[in-house]
Amino acid sequence: YLGAMAVTAPVPDRELATLRQTFGFDSFRPIQGEVVASLLDGRDVFVLMPTGGGKSLCYQLPALLMDGLTVVVSPLIALMKDQVDSLESLGVNAAYINSSLSASEVRDRQAAVSRGEIKILYVAPERLMMPSFLGWLKERQVSLFAIDEAHCISEWGHDFRPEYRQLRDLRAAFPGCPIGAFTATATSRVQEDIKRQLSLQDSA
(Lines give C-alpha, C1' and ligand atoms only; values in the text may rest on other atoms or scores of the structure.)
Protein backbone atom coordinates (compact mmCIF):
# COMPACT_ATOMS: atom_id res chain seq x y z
CA TYR A 1 0.00 0.00 0.00
CA LEU A 2 1.42 3.32 -1.06
CA GLY A 3 -1.28 5.74 0.02
CA ALA A 4 -0.84 8.65 2.40
CA MET A 5 -2.43 7.70 5.70
CA ALA A 6 -1.32 6.96 9.25
CA VAL A 7 -1.39 3.24 10.00
CA THR A 8 -2.36 3.79 13.62
CA ALA A 9 -5.91 5.00 12.92
CA PRO A 10 -8.57 2.94 14.76
CA VAL A 11 -10.93 0.86 12.65
CA PRO A 12 -14.53 2.17 12.80
CA ASP A 13 -17.16 -0.21 14.14
CA ARG A 14 -19.13 -0.38 10.89
CA GLU A 15 -16.09 -1.56 8.97
CA LEU A 16 -15.35 -4.28 11.52
CA ALA A 17 -19.01 -5.28 11.63
CA THR A 18 -19.12 -5.72 7.84
CA LEU A 19 -15.79 -7.53 7.91
CA ARG A 20 -17.20 -10.04 10.40
CA GLN A 21 -20.74 -10.38 9.12
CA THR A 22 -19.99 -10.62 5.41
CA PHE A 23 -16.46 -11.94 5.13
CA GLY A 24 -16.15 -13.85 8.41
CA PHE A 25 -12.94 -12.17 9.63
CA ASP A 26 -12.42 -10.65 13.06
CA SER A 27 -9.62 -8.31 12.02
CA PHE A 28 -7.86 -6.90 8.99
CA ARG A 29 -4.61 -8.26 7.63
CA PRO A 30 -1.74 -5.78 7.53
CA ILE A 31 -2.49 -2.80 5.27
CA GLN A 32 -6.08 -3.79 4.48
CA GLY A 33 -7.60 -1.47 7.08
CA GLU A 34 -5.65 1.54 5.84
CA VAL A 35 -6.63 0.91 2.23
CA VAL A 36 -10.30 0.51 3.13
CA ALA A 37 -10.26 3.70 5.19
CA SER A 38 -8.58 5.69 2.40
CA LEU A 39 -11.12 4.60 -0.20
CA LEU A 40 -14.04 5.32 2.12
CA ASP A 41 -12.53 8.77 2.63
CA GLY A 42 -12.66 9.32 -1.14
CA ARG A 43 -8.91 9.01 -1.74
CA ASP A 44 -7.11 7.13 -4.49
CA VAL A 45 -4.89 4.22 -3.55
CA PHE A 46 -2.17 2.17 -5.16
CA VAL A 47 -1.85 -1.28 -3.60
CA LEU A 48 1.02 -3.67 -4.23
CA MET A 49 0.18 -6.86 -2.38
CA PRO A 50 1.21 -10.47 -3.05
CA THR A 51 -1.29 -12.96 -4.43
CA GLY A 52 -3.31 -14.32 -1.54
CA GLY A 53 -2.64 -11.22 0.55
CA GLY A 54 -6.25 -10.05 0.48
CA LYS A 55 -6.31 -7.41 -2.25
CA SER A 56 -9.92 -8.11 -3.23
CA LEU A 57 -11.23 -7.37 0.25
CA CYS A 58 -9.63 -3.92 0.05
CA TYR A 59 -12.21 -2.80 -2.52
CA GLN A 60 -15.04 -5.27 -1.86
CA LEU A 61 -15.59 -4.11 1.72
CA PRO A 62 -15.71 -0.37 0.83
CA ALA A 63 -18.12 -1.27 -1.98
CA LEU A 64 -20.59 -2.58 0.59
CA LEU A 65 -20.29 0.54 2.74
CA MET A 66 -20.65 3.04 -0.11
CA ASP A 67 -24.05 4.14 -1.39
CA GLY A 68 -23.48 3.57 -5.10
CA LEU A 69 -21.91 1.09 -7.47
CA THR A 70 -18.33 -0.15 -7.41
CA VAL A 71 -16.88 -1.01 -10.83
CA VAL A 72 -14.03 -3.52 -10.87
CA VAL A 73 -11.88 -3.68 -14.00
CA SER A 74 -10.52 -7.17 -14.61
CA PRO A 75 -8.71 -8.58 -17.67
CA LEU A 76 -9.82 -12.21 -17.38
CA ILE A 77 -13.29 -13.72 -17.83
CA ALA A 78 -12.49 -16.67 -15.57
CA LEU A 79 -11.26 -14.36 -12.81
CA MET A 80 -14.44 -12.28 -12.99
CA LYS A 81 -16.63 -15.36 -12.69
CA ASP A 82 -14.66 -16.70 -9.72
CA GLN A 83 -14.88 -13.36 -7.92
CA VAL A 84 -18.61 -12.97 -8.55
CA ASP A 85 -19.35 -16.57 -7.54
CA SER A 86 -17.40 -16.02 -4.33
CA LEU A 87 -19.23 -12.78 -3.52
CA GLU A 88 -22.63 -14.28 -4.26
CA SER A 89 -21.84 -17.14 -1.88
CA LEU A 90 -21.35 -14.47 0.80
CA GLY A 91 -24.68 -12.87 0.02
CA VAL A 92 -23.25 -9.92 -1.90
CA ASN A 93 -25.10 -8.71 -5.00
CA ALA A 94 -22.41 -8.82 -7.67
CA ALA A 95 -22.35 -9.36 -11.42
CA TYR A 96 -20.02 -9.33 -14.40
CA ILE A 97 -20.49 -8.10 -17.94
CA ASN A 98 -18.14 -9.51 -20.55
CA SER A 99 -17.98 -11.17 -23.96
CA SER A 100 -19.14 -14.54 -22.57
CA LEU A 101 -22.69 -13.17 -22.25
CA SER A 102 -25.39 -12.84 -24.88
CA ALA A 103 -26.79 -9.43 -25.75
CA SER A 104 -29.95 -10.16 -23.76
CA GLU A 105 -27.91 -11.23 -20.72
CA VAL A 106 -25.95 -7.99 -20.90
CA ARG A 107 -29.19 -5.99 -21.06
CA ASP A 108 -30.61 -7.89 -18.08
CA ARG A 109 -27.52 -7.18 -15.97
CA GLN A 110 -27.42 -3.53 -16.95
CA ALA A 111 -31.09 -3.28 -15.99
CA ALA A 112 -30.31 -4.80 -12.59
CA VAL A 113 -27.54 -2.22 -12.10
CA SER A 114 -29.93 0.57 -13.09
CA ARG A 115 -32.42 -0.67 -10.48
CA GLY A 116 -29.71 -0.51 -7.81
CA GLU A 117 -29.71 -4.26 -7.31
CA ILE A 118 -25.96 -4.71 -7.95
CA LYS A 119 -23.26 -3.39 -5.60
CA ILE A 120 -20.17 -4.64 -7.43
CA LEU A 121 -19.88 -4.88 -11.20
CA TYR A 122 -16.92 -6.56 -12.91
CA VAL A 123 -16.08 -5.49 -16.47
CA ALA A 124 -13.20 -5.82 -18.90
CA PRO A 125 -11.43 -2.58 -19.91
CA GLU A 126 -12.58 -2.96 -23.53
CA ARG A 127 -16.22 -3.05 -22.42
CA LEU A 128 -15.88 -0.28 -19.85
CA MET A 129 -14.35 2.23 -22.24
CA MET A 130 -16.86 1.68 -25.08
CA PRO A 131 -18.54 5.10 -25.56
CA SER A 132 -22.04 3.61 -25.25
CA PHE A 133 -21.22 1.71 -22.06
CA LEU A 134 -19.35 4.64 -20.54
CA GLY A 135 -22.26 6.93 -21.33
CA TRP A 136 -24.69 4.53 -19.66
CA LEU A 137 -22.42 4.25 -16.62
CA LYS A 138 -22.21 8.04 -16.26
CA GLU A 139 -25.95 8.02 -15.57
CA ARG A 140 -25.48 5.65 -12.65
CA GLN A 141 -24.10 6.46 -9.19
CA VAL A 142 -20.55 5.13 -9.35
CA SER A 143 -18.75 5.39 -6.00
CA LEU A 144 -15.46 3.62 -6.75
CA PHE A 145 -13.35 2.22 -9.57
CA ALA A 146 -11.04 -0.67 -8.67
CA ILE A 147 -8.44 -1.54 -11.30
CA ASP A 148 -7.37 -5.14 -10.74
CA GLU A 149 -4.14 -6.45 -12.29
CA ALA A 150 -3.18 -2.79 -12.67
CA HIS A 151 0.29 -3.65 -13.99
CA CYS A 152 -1.46 -4.37 -17.32
CA ILE A 153 -1.67 -0.60 -17.87
CA SER A 154 2.11 -0.17 -18.04
CA GLU A 155 4.07 -0.75 -21.21
CA TRP A 156 7.00 -1.50 -18.91
CA GLY A 157 5.13 -4.41 -17.32
CA HIS A 158 5.37 -8.08 -18.23
CA ASP A 159 1.67 -8.33 -19.14
CA PHE A 160 0.99 -5.01 -20.90
CA ARG A 161 -2.47 -4.75 -22.46
CA PRO A 162 -3.01 -1.74 -24.74
CA GLU A 163 -6.73 -1.57 -23.89
CA TYR A 164 -5.80 -0.80 -20.28
CA ARG A 165 -4.26 2.48 -21.45
CA GLN A 166 -7.75 3.84 -22.13
CA LEU A 167 -8.47 3.74 -18.40
CA ARG A 168 -6.58 7.02 -18.08
CA ASP A 169 -9.82 8.67 -19.30
CA LEU A 170 -11.74 7.61 -16.19
CA ARG A 171 -10.47 10.57 -14.21
CA ALA A 172 -12.01 13.08 -16.61
CA ALA A 173 -15.18 11.04 -17.10
CA PHE A 174 -15.80 10.56 -13.36
CA PRO A 175 -14.21 13.51 -11.54
CA GLY A 176 -14.12 13.08 -7.80
CA CYS A 177 -14.63 9.32 -7.93
CA PRO A 178 -11.80 7.49 -6.13
CA ILE A 179 -9.70 5.04 -8.11
CA GLY A 180 -7.88 2.10 -6.57
CA ALA A 181 -5.10 0.35 -8.48
CA PHE A 182 -4.26 -3.17 -7.32
CA THR A 183 -1.48 -5.50 -8.40
CA ALA A 184 0.64 -8.31 -7.06
CA THR A 185 3.59 -7.60 -9.29
CA ALA A 186 5.17 -4.29 -10.31
CA THR A 187 8.70 -2.95 -10.43
CA SER A 188 9.26 0.60 -9.18
CA ARG A 189 9.18 1.80 -12.80
CA VAL A 190 5.84 0.07 -13.39
CA GLN A 191 4.44 1.45 -10.14
CA GLU A 192 5.22 5.01 -11.17
CA ASP A 193 3.77 4.41 -14.63
CA ILE A 194 0.52 3.04 -13.16
CA LYS A 195 0.09 6.08 -10.93
CA ARG A 196 0.90 8.46 -13.77
CA GLN A 197 -1.40 6.76 -16.28
CA LEU A 198 -4.35 6.73 -13.88
CA SER A 199 -3.60 10.22 -12.51
CA LEU A 200 -3.87 8.87 -8.97
CA GLN A 201 -4.26 11.66 -6.42
CA ASP A 202 -2.84 11.59 -2.88
CA SER A 203 -1.12 8.30 -3.68
CA ALA A 204 2.60 8.22 -2.92
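Ala, Val, Leu, Ile, Met, Phe, Trp, Tyr, Cys and Pro count here as nonpolar, Asp, Glu, Lys and Arg as charged, and the others, Gly among them, as polar. The model is predicted: local features need pLDDT of at least 70 and side-chain atom pairs count only at pLDDT 80 or more, while totals for chains, interfaces and linings use all residues. Residues are numbered from 1 along each chain as its sequence is written, and side-chain values use heavy atoms, with hydrogens and water left out.

**View 1. Lining of the largest pocket**. A pocket is an open set of points on a 1 Å grid over the protein atoms alone, where a 1.4 Å probe fits, with protein on both sides within 12 Å along at least five of seven lines; lining residues have an atom within 4 Å of a point. The largest pocket holds about 460 Å³ of space, the volume being that filled by probe spheres set on the points, which are joined across faces, edges and corners. Its lining has 21 residues, and Gly 54, Lys 55, Ser 56, Leu 57 and Gln 83 lie nearest the centre. By class the lining comprises seven nonpolar, nine polar and five charged residues. Helix α3 gives the most, five residues; helices are DSSP runs of H or I with at least four residues, strands runs of E with at least two, numbered from the N terminus.

**View 2. Lining of the second largest pocket**. About 160 Å³ of space lies here. Among the lining residues are Pro 75, Met 80, Asn 98, Arg 127 and Glu 163. The largest share, three residues, comes from α6. Six lining residues are nonpolar, two polar and four charged.

**View 3. Leu 128 in the largest nonpolar core**. Such a core is a set of buried Ala, Val, Leu, Ile, Met, Phe, Trp, Tyr and Cys residues joined through side-chain atoms within 4.5 Å; buried means under 20% relative accessible area with a 1.4 Å probe, protein chains only. Of its 60 residues, Leu 128, Leu 137, Phe 145, Leu 167 and Leu 170 touch the most other members. Beyond neighbours within four places in sequence, Leu 128 has contacts (heavy atoms within 4.5 Å) that include Val 71, Val 73, Phe 133 and Phe 145.

**View 4. Strand β2 and its partners**. Leu 69, Val 71 and Val 73 on one side of β2, and Thr 70 and Val 72 on the other, are all buried. Strands pair if DSSP finds at least two bridges between them. β2 pairs in the parallel sense with β5 over five bridges, and four bridges join β2 to β4, also parallel. Val 72 has Ala 146 as its bridge partner in β5 and stands opposite Tyr 122 in β4.

Definitions and conventions. Buried means under 20% relative accessible area, exposed over 50%, partly exposed in between (1.4 Å probe, protein chains only).
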